[in-house]
Amino acid sequence: NPHKKLGPQINYTITGIDAGAGEMGAAQKALTAYGLKSKNWQLQTSSTAAMTSTLDKAIKNHQAIVITGWQPHWMFTKYPIKFLKDPKNVFGKTENLHTIARTGFKHDNPGAYKLLSQFHWTKSEMSEIMLKVNDGQDPAKAAKNYISKHPKQVAKWLAGVPEGHGKKVKLTYVAWDSEIASTNLVKQLLDSKGYDTTIQSLEAQPMWASIATGAADASVSAWLPTTHGLYAKQYKGEFVDVRVNLKGAKTGLAVPKYMKNINSIEELKN
Ligand code: PBE
């Protein structure tokens, strides 16, 4: 109902995700920065699965909803949603996804390191795997299918990478849909050259610690400079920032495009 105020329609509630997500911290800051807390707005903690299912229902019923959204994610491919403007820049500008490695990795395994230093792709390429996995396909299978469908790109990633002869590689990641896609793809790429790659999902803090302590070799799941900014600072000098593997990641509050009167976080107050 476009004539009714937004707040009461949705109980002044922003549908969030896991309490541990970096974005939830930013969303809490936004509530304060935009004076929404004093207007009774609250951030509801849930999970990606619960949030996207609530979003799905709202869209089917053409109802109002405000979520913590981010890119790259299939929610932006599957649903007509838009980010709200953030004039106070609480969520930071766009971010990049970085590949990080333990400090001795390049020396110990130059072949696998070479592949990591050549791996980068785009949001729409990553979406191909994310959408398949969201449709129920096994991530390893979705990654293998991607490899068989993109031979030219794969040849560039593998150019000059020597045979692994069973050499072990351990990748850690945070199990967001985006990193499930990239980590499974990199594992399949390494294994296709004869490396023996294991992947392990961890929370963000232990993922960074695994690289800094050398318990794992590398990760393609570092969101910088904002979401994982504190970890990068904490472990400065104890990891190698190998490269950006995906440009233009973004976090922020998002709403369905049919909510035409709401375009900025500031307007939630009205
Ligand atoms: N997110 C967005 C993660 C990384 C950035 C939800 C995918 C997070 O907020 O921690």
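The ligand sits in the largest pocket. A pocket here is an open set of points on a 1 Å grid over the protein atoms alone, where a 1.4 Å probe fits, with protein on both sides within 12 Å along at least five of seven lines. The model is predicted: local features need pLDDT of at least 70, side-chain atom pairs need 80 or more, and totals for chains, interfaces and linings use all residues. Numbering runs from 1 along each chain as its sequence is written, and side-chain values use heavy atoms, without hydrogens or water.

**Ligand shell**
- I17, A21, G22, E23, W70, W176, W223, T227 and T251 surround the ligand.
- By class, 5 of the shell residues are nonpolar, 3 polar and 1 charged; Gly counts as polar.

**Backbone contacts and cover**
- A backbone N or O atom of G22 lies 2.8 Å from a ligand oxygen.
- For E23, a backbone N or O atom lies 2.9 Å from an oxygen atom of the ligand.
- The protein covers 98% of the 280 Å² of accessible area that the ligand has on its own (Shrake-Rupley method, 1.4 Å probe).

**Domains**
- The ligand lies between domain 1 (6–93 + 251–269) and domain 2 (95–249), because both give residues to its shell.
- Their C-alpha centres are 29 Å apart.
- 16 residues of domain 1 contact 16 of domain 2 (heavy atoms within 4.5 Å).

Notes
A residue is near a molecule or strand if one of its heavy atoms lies within 4 Å of it. A polar contact is a pair of N or O atoms within 3.5 Å; within protein, one must be able to donate a hydrogen and the other to accept it, and residues adjacent in sequence count only if both atoms are side-chain atoms. On a 1 Å grid over the protein atoms alone, a cavity is a set of points where a 1.4 Å probe fits but cannot get out, and a pocket is an open set with protein on both sides within 12 Å along at least five of seven lines; lining residues have an atom within 4 Å of a point. A molecule sits in a cavity or pocket if more than half of its atoms lie within 2 Å of its grid points. Domain bounds come from an automatic or database domain assignment.
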